[in-house]
Amino acid sequence: TQLLEQSPQFLSIQEGENLTVYCNSSSVFSSLQWYRQEPGEGPVLLVTVVTGGEVKKLKRLTFQFGDARKDSSLHITAAQPGDTGLYLCAGVRSNYQLIWGAGTKLIIKP
Amino acid sequence: GAGVSQTPSNKVTEKGKYVELRCDPISGHTALYWYRQSLGQGPEFLIYFQGTGAADDSGLPNDRFFAVRPEGSVSTLKIQRTERGDSAVYLCASSWGVGELFFGEGSRLTVL
C-alpha cells in the first residue's frame, strides 16, 4: 500500500512549458523531501520542506508543503530537456524512516 | 571514496542461489540504509544501521534476507534461496547521523 500518492505517474511535455507534480497522503509527516533519479543512478535530494505552508525555490523549481503537512507539490517553470528524470517525494516519518511515493516520470521534449 | 559505492552493479542468478550485495558508504558516515526499488516504484525500506548494529530491520521481507555491517563501515546484504520476486535494484544510502541521505547507483539483481 502506497502511503504517498504521486500524480501524474508519467508526464511528457514540450520544452518551455510549465508543469506541476503532486504528492498526497492522509498521513502527517514531520517533513517531506523531493528527489530526482536518473536511469542507473540512485535518487539525489533536491529539497526538504519542514514547515506547513513552506515554499522553497530552486532556480526554476518551486516546492510547496501543504498547511497540514500531508501533501506537497513541485512546480517547474519553463521546463528544459535537462529536467527529464524520475521525481520522487518521500515523507519523513521519524529521524530516519522515509515513506516514498512511486515517482513521476518526466520527459521534456526539445 | 567520494560517494557510496555498490558492487556488483549487475547480478544475474538462478532461482534458489545465494547472493551477496556489497555497499561501501561515504567515509565517516555513521548511518547506512538498504532499500529495494522495483520497476515503476519508489524505494522500499529494508534495513537501517547506526554504527555496527541494525537499528531497524523491520523492512526485511522474510528470513531469507540478512544484512551485516561488522566494522561500522562496509555492509553486505545477503539473500538466500533467491526467488524471481527478489529481482529489483537494491539501493544503499549513507548519512552522517540523521542527515541527508546519499545513495549509491544500486545493484540490479535479476533472478532467472
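In chain B, 4 strands make an open sheet in the order β1-β3-β8-β7, with antiparallel pairing. Its edge strands, each pairing on one side only, are β1 (5-7) and β7 (65-68) of chain B. From one strand to the next the twist averages 15 degrees, with axes as lines fitted to C-alpha atoms and angles running from 0 to 180 degrees between N-to-C directions. Strands here are DSSP runs of E, at least two residues long, numbered from the N terminus, and two of them pair if DSSP finds at least two bridges between them.

This is a predicted model, in which local features need pLDDT of at least 70 and side-chain atom pairs count only at pLDDT 80 or more, while totals for chains, interfaces and linings use all residues. Residues are numbered from 1 along each chain as its sequence is written, chains are lettered from A and ligands numbered from 1 in the order written, and side-chain values use heavy atoms, without hydrogens and water.

### Exercise 1
Trace the neighbours of β3 in chain B.

**Solution.** 
1. Start with β8: 5 bridges join β3 (residues 19-24) to β8 (residues 75-79), and the two run antiparallel.
2. Pick out partners: B:Val19 is bridged to B:Ile79, and B:Arg22 to B:Thr76.
3. Turn to β1, which pairs with β3 in the antiparallel sense over 3 bridges. Here B:Ser5 stands opposite B:Asp24.

### Exercise 2
Sort the residues of β3(B) into a covered and an uncovered face.

**Solution.** 
1. Recall that in a regular strand the side chains alternate between the two faces of the sheet.
2. The covered face holds B:Val19, B:Leu21 and B:Cys23.
3. The uncovered face holds B:Glu20, B:Arg22 and B:Asp24.

### Exercise 3
Describe the largest pocket and its lining.

**Solution.** 
1. Take the volume, about 790 Å³, as the space filled by probe spheres set on grid points joined across faces, edges and corners. A pocket is an open set of points on a 1 Å grid over the protein atoms alone, where a 1.4 Å probe fits, with protein on both sides within 12 Å along at least five of seven lines; lining residues have an atom within 4 Å of a point.
2. Of the 32 lining residues, A:Gln37, A:Pro39, A:Leu86, B:Leu39 and B:Arg108 are closest to the centre.
3. β11(A) gives the most to the lining, with 4 residues.
4. By class, there are 9 nonpolar, 18 polar and 5 charged residues, with Asp, Glu, Lys and Arg counted as charged, Ala, Val, Leu, Ile, Met, Phe, Trp, Tyr, Cys and Pro as nonpolar, and the others, Gly among them, as polar.

Key. Buried < 20%, exposed > 50% of the residue type's maximum accessible area, 1.4 Å probe, protein only.
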